[in-house]
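Student: I would like to learn how to read the features of this model. Please begin with the terms and then turn to the case at hand.

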Amino acid sequence: MYAIIKAGGKQYRVQKGDVIKVEKMNVEAGDTVTFGEVLLISDEKKVSVGAPVLKGASVEAKVVENGKNAKVIIYKYKPKKDFKKKQGHRQPYTMVEIQNIRKTAPRKKAEAAEAPAVAEAE
């Protein structure tokens, strides 16, 4: 089973156990994060595609670490004008490990208690 999620303006194809780097989030290492914008879920038999997102679907992930990517060098110059500018940038990221992919939202205790009562009344 895999899912396509949207996080930080980008889309990622994830499976249970995958470790991915997403744009920096304000969470600590060890916390659990839930991605609610699930665009597609596929299991062995069926593919569910959202328009634009699947209602009730979610992906749970555990935060592994927060860090910075390798440095990218930005170099600007103008020929014959004696203008040179060198600058570096390290993009921050959050590394997460995918724990669970859910097709539907988890039922609350109150909803679970009411569901059998409705079935008996019919």
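Tutor: Two strands pair if DSSP finds at least two bridges between them. Strands (E, at least two residues) and helices (H or I, at least four) are DSSP runs, numbered from the N terminus. This is a predicted model, in which local features need pLDDT of at least 70, side-chain atom pairs count only at pLDDT 80 or more, and totals for chains, interfaces and linings use all residues. Residues are numbered from 1 along each chain as its sequence is written, and side-chain values use heavy atoms, with hydrogens and water left out.

Student: Which residue in β10 stands opposite E65?

Tutor: M95 in β10 stands opposite E65. β7 and β10 run antiparallel and are joined by 10 bridges.

Student: What pairs with β10 over 5 bridges?

Tutor: Strand β3 (residues 19–23) pairs with strand β10 (residues 92–102) in the antiparallel sense over 5 bridges. K21 stands opposite M95 in β10, and V22 stands opposite T94.

Student: How should I read side chains along a strand?

Tutor: In a regular strand the side chains alternate between the two faces of the sheet.

Student: In what order do the 4 strands form the open sheet?

Tutor: The order is β3-β10-β7-β4, with antiparallel pairing. β3 and β4 (32–35) are at the edges and have a single partner strand each, so one side of each lacks a neighbour in the sheet. On average, neighbouring strands of this sheet are turned by 45° against each other, direction ignored; the axes are lines fitted to C-alpha atoms (for helices over the stretch in contact), and angles run from 0 to 180 degrees between N-to-C directions.

Student: How many salt bridges does the structure hold?

Tutor: A salt bridge is a side-chain nitrogen of Lys or Arg within 4 Å of a carboxyl oxygen of Asp or Glu. The structure holds 3 salt bridges. One of them joins K10 and E23, whose closest N and O atoms are 2.4 Å apart. This pair links distant parts of the chain, with K10 in strand β2 (residues 10–15) and E23 in strand β3, 13 residues apart.

Student: What should I look for in the loops?

Tutor: Look at the backbone angles. The peptide bond from A51 to P52 is cis, with omega near 0°, and P52 lies in the loop between β6 (47–49) and β7. K80 is a residue other than glycine with a positive phi, near 70°. K80 is found in the loop between β8 (72–78) and β9 (83–89).
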